[in-house]
Amino acid sequence: MADDDSLEILVEPNSAPVPDADRRKMLENPGFGNLFTDHMVLIRYTEGKGWHDAKIEARRSIPMDPASSVLHYAQEIFEGMKAYRLADGTTALFRPEQNARRFQASARRMAMPELPEAVFLQSVEKLVDIDREWFPSAEGGSLYLRPFMFASEVFLGVRPAKEYLYMVIASPAGAYFKAGASAITIWVSQDYSRAAPGGTGAAKCGGNYAASLVAQAEAITQDCDQVVFLDAAEQRWVEELGGMNLFFVMDDGRLITPPLTGTILPGITRESIMILAREEGLNVSEEPYSIDQWREDAASGKLLETFACGTAAVVTAVGTVRSGSGDFTIGVGGPGQLTEKLRMRLVDIQRGLAEDQHGWVKRLF
Ligand SMILES: *Cc1c(COP(=O)(O)O)cnc(C)c1O
């Protein structure tokens with residue numbers, strides 16, 4: 001690797017890409033996470049040698065030895081980000097350096113090697129470039145990017161692996177939640193925790209999702225869209241959804257979000273919303289908020305709105321909260337004014353429709 005942390009990425013274009021007409025058809029209604037582009041990034045890491053063999057090549061299956069360490073001990077981390085086609089036709093990423101840094105933080109927590117920020121950015125940008133024909137045609141569409149890394153060493157001993165594979169795949173994406181959904185219903189998980197103090201809650205690792213799926217399945221049987229997790233120690237403090245952070249809009253101009261104590265994933269959307277909300281004159285407060293308070297404030301009208309946020313679904317109103325001890329509705333049960341305003345402010349910046357005062361939008365081509 002060169003001194004400046006860059007790595008030459010060898011490009012071997014796909015010799016049999018999806019034919020134009022088929023791709024266009026696919027892009028009319030891409031859904032989320034179903035379709036994949038023609039290429040992928042692969043970079044290997046070997047202890048003692050560092051990062052090497054960086055490539056972009058045709059997307060394909062990867063051979064895996066059954067003793068690959070990730071299959072047994074789950075050393076795996078990932079990122080989720082979107083490339084947008086802006087109103088003026090250029091293509092851009094939103095705060096990609098934040099994803100690169102969070103990927104490094106996740107790697108540290110999982111005893112994995114850190115990918116240099118420059119290599120992360122270069123890999124993602126090159127993939128968007130080579131798969132630039134894969135943006136969905138409909139408005140609101142984007143190219144969802146999934147960088148990830150896992151322990152590829154063939155070894156069953158329990159210790160951090162000595163070999164890893166970093167990859168990036170891309171998936172054209174429409175809206176995350178089913179069309180027409182204006183507010184989601186969420187299920188309060190009282191039997192399962194997502195993350196405990198000292199655990200991996202702040203790392204973006206597959207294991208956190210694995211631990212959340214039984215609660216998500218329970219949510220579905222309760223006719224809910226998503227699950228909300230409480231803190232593991234007291235089952236009292238509201239933390240976050242399986243893959244989105246939460247905000248509470250109060251009637252006195254306060255916007256509350258749970259603090260980052262190590263059990264919550266530090267969302268880039270969360271941080272961006274906090275900045276935009278302060279600009280709107282709101283008093284943004286990172287403070288613990290209990291499930292009892294939530295119910296009480298919804299009933300008294302002190303709580304006006306609740307919304308969830310993350311890259312995939314951007315900003316989504318929470319209409320109803322359901323639990324073993326009954327339901328409660330927030331505000332009118334649909335998207336409130338502030339949720340809508342903050343969503344629009346963020347989306348307008350991401351799409352190049354509003355001035356980018358913070359330098360969040362990284363234009364590619
Ligand atoms: C990725 C993720 C989020 C949202 O993070 P963004 O950077 O806003 O996309 C929130 N919670 C969890 C558990 C996540 O994995």
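## A buried arginine and its partner

Let's start with Arg270, which is buried at a relative accessible area of 3%. In this predicted model, Arg270 makes a salt bridge with Glu286, and their closest N and O atoms are 2.6 Å apart. The two residues sit in distant parts of the chain, 16 residues apart: Arg270 belongs to helix H6 (residues 268-279), while Glu286 belongs to strand S14 (residues 283-286).

Arg270 counts as buried because its 3% falls under the 20% cut-off.

## A bridge across the sequence

Next, take a look at Lys362 and Glu125, whose side chains form a salt bridge with an N to O distance of 2.8 Å. Lys362 is in strand S18 (residues 361-363) and Glu125 is in helix H4 (residues 117-130), so this pair ties together parts that lie 237 residues apart in sequence.

Both ends have some accessibility to report. Lys362 is partly exposed at 31%, and Glu125 is partly exposed as well, at 22%.

## Lys25 and Glu28

Another pair to find in the structure is Lys25 with Glu28, a salt bridge whose closest N and O atoms are 3.6 Å apart. Here the lysine is exposed, with a relative accessible area of 58%, whereas Glu28 is partly exposed at 49%.

## The wider picture

Salt bridges also come in groups here: Glu279, Glu280, Lys341 and Arg345 are joined into one network through shared partners. Across the model, the count comes to 23 salt bridges.

Notes
Residues are numbered from 1 along each chain as its sequence is written. This is a predicted model: local features need pLDDT of at least 70, side-chain atom pairs count only at pLDDT 80 or more; totals for chains, interfaces and linings use all residues. Side-chain values use heavy atoms; hydrogens and water are left out. A salt bridge is a side-chain nitrogen of Lys or Arg within 4 Å of a carboxyl oxygen of Asp or Glu. Buried means under 20% relative accessible area, exposed over 50%, partly exposed in between (1.4 Å probe, protein chains only). Helices (H or I, at least four residues) and strands (E, at least two) are DSSP runs, numbered from the N terminus.
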